[in-house]
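Let's walk through this model together, starting with the overall fold and ending with how its parts meet. Keep the viewer open as you read.

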Amino acid sequence: MPSGHSHFTESIEEYLEAIYRLEREGAGVTTSGLASELGISPASVSGMLKKLAGEGYLEHEPRGTASLTQKGLEVGARTLRRHRLAERLLTDVLGMRWDEVHEEACKLEHAISERVERHLLAYLGHPKTCPHGHPIPETDGSEPNLDVAPLAQAEPGESMRVAGVTDEVPEMLRYLGEIGLVPGVRVQVLEKAPLGGPVTVAIDGTRHAISLELARMVLVETPPCD
């Protein structure tokens, strides 16, 4: 990373990464929504959006939504790609738990150069997703299409492979790790209680009852396994 990589540059990357991620979720990026995503005040976000628009990273009208230009898209996708590659490095190589890596990757993403990124991709085998099952953006800003659906939509008797999770809340990730409901594992739905009750699943022959809310956050590959 160049020695001139400033705190302001890191702030730009953080903003563009967050906007890129929100755009991929299909929601219009508003000042209040971005403030909530970044955990900072709407006034601070409004000022930064004005600066980013002035520098050609995005288009934004006061009280309107923000959208990335090609310049902003490239930076946002690059930052998120390096973040998710860093998470892969931390879990796959260093053996860290998947609930520990997000904050560390937030620091590393700004320090990974283009050269290091190329070596990381090759060393890790060009992974398509991060440890949580989220797609790793390509260099052109596109993302691989993943055929996934919430575990909550599966019917009793269906067996499928876990693809990832919708959220990266550490407490939730720790619990899922403890019961073995992690990406790559085969899970079978045994029972679905009525009226929003728990979903009973089998993981490696062991029964677990999880809440419907949690089942909605776990993503599985589609179609189900044979």
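What you have here is a predicted model, and its chain carries eight helices and eight strands. How compact is the chain for its length? Its radius of gyration is 19 Å, while the globule rule gives 17 Å for 226 residues; the two values are close, so the chain is as compact as a globular protein of that length.

Now turn to the inside and the surface. Of the 226 residues in the chain, 44% are buried, where buried means under 20% relative accessible area.

How is the chain connected to itself across the sequence? Take the contacts between residues at least 6 apart in sequence: 62% of them join residues at least 24 apart.

Finally, which domains does the assignment give? Domain 1 covers 1-143 and domain 2 covers 149-221. Their C-alpha centres lie 28 Å apart. The contact between them draws nine residues from domain 1 and 13 residues from domain 2, with contact meaning heavy atoms within 4.5 Å.

Notes:
Residues are numbered from 1 along each chain as its sequence is written. This is a predicted model: local features need pLDDT of at least 70, side-chain atom pairs count only at pLDDT 80 or more; totals for chains, interfaces and linings use all residues. Side-chain values use heavy atoms; hydrogens and water are left out. Helices (H or I, at least four residues) and strands (E, at least two) are DSSP runs, numbered from the N terminus. The radius of gyration is taken over C-alpha atoms; the globule rule is 2.2 Å times the number of residues to the power 0.38. Buried means under 20% relative accessible area, exposed over 50%, partly exposed in between (1.4 Å probe, protein chains only). Domain bounds come from an automatic or database domain assignment.
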